[in-house]
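Colleague: Could we go through this structure together? Please begin with the sheet.

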Amino acid sequence: MKSPSAPQPRMDGDFLSLLPEHPLSRVLTSDSQALADHQIEATTVLAFHYRQGVLMAGDHRATADNLIFSDSVDKILPLDSDSLMAIAGSPAVALEMARTLETSFEFYRRSQLQTMSLQAKTRALSQLLKENIPMVMQGIGTVVPIFAGVDYSLPKPAPTIHFYDPLGAQFKTTSFASSGSGAGNVKSILAFQERWGSPAPHKMDLKQATTFALRLLTTAAQFDSATGGVDPRLNRYASVYSLRPGEVRQVTDEEQAQWWGKEKKA
Amino acid sequence: MSELFQWLEAIHDRGEYVRDQLSHATPVFALSRPEGILLVGVGLGQSKVFEIYDRHAIAALGNPVDIEKIRQTAIEAAHLEGFNRSPQDVTLRRLMSYSLSPALKNSFESVFQPPLIVEGVFAEVGETPQDDVLMEFSHDGNFGVVHDGLAVVSSNTAAATQAKDWLRTRLKPHSNRNRVLGLLLAMWQAMTNGERIGNSIKCANLETVDLGGRVLEMALLDRKTPNKVKYQALAGNA
């Protein structure tokens, strides 16, 4: 709790600048070189535009070297009612970044009585990635996220997809993005489907887009041992979320099982 | 001795000054209901009722700048606590006891600084109405837990007590939102106009109630929503 002095709040809505003033704050840096050889990494995540918005999906696997560390990691993280983040790389750093952004966005909204603009949100993620460069240079804690947020400055508000490099450079994509060790295969298929597929991803409804995302992750897992993929026999599905203006919706395992099963029968 | 006396006199004068300033402010209400906690005030829009954290909100009266200071202080303390520990660790009892109340008291007793002209009620929604927490606070850092789920905050404490009695006999758990609002606004009008609080006051008609050019500010801390953020700003005619 804050020390009981006369109230001197910052009033600028900037949670990131508030954190270092507080002794309990965690800092997203480390000088531990020894971790570099055994860092845990999370793998394939993807995002693409479908008919009603943006679909974001990721497998559940985290690996450390050749070991499967976990098959139950959630790599798609809702930050607020208008933004999603997909993490690839070190979950320890990525999850902390997501938590920082989530608190930062809510802090700004409550403090300033308005939502943060999409440009400010994407810049906030860039700033965290830049602050993480010392960890990247040491070979630990690399994070390569995908961010999706609703752009309310457009005449008709719509979600947009942004991807980053580990140093914090931010790029906007008009169609799709993928990150992690299985991303190469996924991007090839998405590019093919976007150009010659029927339907193209941006014309799919939610069921079609979800099934397509599950297929993409399954294919990625076929060629990349660090991607968990989807296995209905083990009741193992993916993290799948859709983003539309004012709505983040999780596609549940039950829905994925139902839609995947119908696809198989068809 | 004389310095102590001067300090006591200064504190006394500050108290009178703050109470005089607050006498121009209109009351705010917080009410624990089956669906959540309803917070109601009448102001200029975004001036009386605010979201603080996932399960927390404030309804306050007084100087807008001072309301803002308390609001921002509460938001900062809650978010730091929620980030450094967890959102479940953000409780109204801790916020009030260890952050807001000492800050208010320090401000009031720092005689060379202007006092904070603000009073109000903080609300924390729980799983059931019995788990709800309402805390009224005053400009000098005093605060108290409201045990019957109804907070009426006004600079006129006698009128606030009468208003609570009047509302308690009329508010029922099954009353619909419009009925509840009608009763609260009737009491707001009576208290604002300095009327005698009694049986002559009737439930206000939401279509015709005169708010003196101000707007109804209302929010619900919705205990039924599955979302972690419970605060919902409500439209004036809900």
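Modeller: Chain A has an open sheet of five strands in the order 11-2-3-12-13, with antiparallel pairing. Strands here are DSSP runs of E with at least two residues, helices are runs of H or I with at least four, and both are numbered from the N terminus. Two strands pair if DSSP finds at least two bridges between them. This is a predicted model, in which local features need pLDDT of at least 70 and side-chain atom pairs count only at pLDDT 80 or more, while totals for chains, interfaces and linings use all residues. Residues are numbered from 1 along each chain as its sequence is written, and chains are lettered from A and ligands numbered from 1 in the order in which they are written.

Colleague: Which are the edge strands?

Modeller: Strand 11 (176-179) and strand 13 (247-251) of chain A, each of which pairs on one side only. From one strand to the next, the twist averages 15°; angles run from 0 to 180 degrees between N-to-C directions, and axes are lines fitted to C-alpha atoms, for helices over the stretch in contact.

Colleague: How many bridges join strand 2 and strand 11 of chain A?

Modeller: Four bridges, in the antiparallel sense, with strand 2 of chain A covering residues 45-50. A:Phe48 has A:Phe176 in strand 11 of chain A as its bridge partner.

Colleague: Which helix packs on the sheet and touches strand 2 and strand 11 of chain A?

Modeller: Helix 5 (residues 183-196) of chain A does, and its direction makes about 165° with that of strand 11 of chain A. Contact between two residues requires their C-beta atoms, placed from the backbone, to lie within 7 Å. Helix 6 (residues 206-223) of chain A lies across strand 2, strand 3 (53-58), strand 12 (239-244) and strand 13 of chain A, at about 30° to strand 3 of chain A.

Colleague: Turning to strand 9 of chain A, why is it largely enclosed?

Modeller: Strand 9 (residues 158-164) of chain A is largely enclosed by the rest of the structure because five of its seven residues are buried. A residue is buried if 20 or more other C-beta atoms lie within 10 Å of its own, exposed if 12 or fewer, and partly exposed in between, with C-beta atoms placed from the backbone.

Colleague: And what does strand 9 of chain A pair with?

Modeller: Strand 8 (residues 146-151) of chain A pairs with strand 9 of chain A in the antiparallel sense over six bridges, and these two form a hairpin with six residues between them. The bridge partner of A:Asp151 in strand 9 of chain A is A:Ala158. Strand 10 (residues 170-173) of chain A also pairs with strand 9 of chain A in the antiparallel sense, over four bridges. There A:His162 stands opposite A:Lys172. Strand 9 and strand 10 of chain A form a hairpin with five residues between them, and A:Gly168 in the turn has a positive phi of about 105°.

Colleague: Now the interface: how many residues does each chain give to the contact?

Modeller: Chain A gives 19 residues and chain B gives 25 residues. On the side of chain A that touches chain B, helix 2 of chain A gives the most, with four residues.

Colleague: Lastly, is B:Ser154 buried or exposed?

Modeller: B:Ser154 counts as buried because there are 23 C-beta neighbours inside 10 Å. B:Ser154 is in the loop between strand 8 (150-153) and helix 4 (157-168) of chain B. Apart from neighbours within four places in sequence, B:Ser154 is in contact with B:Pro27, B:Ala159, B:Ala160 and B:Met191.
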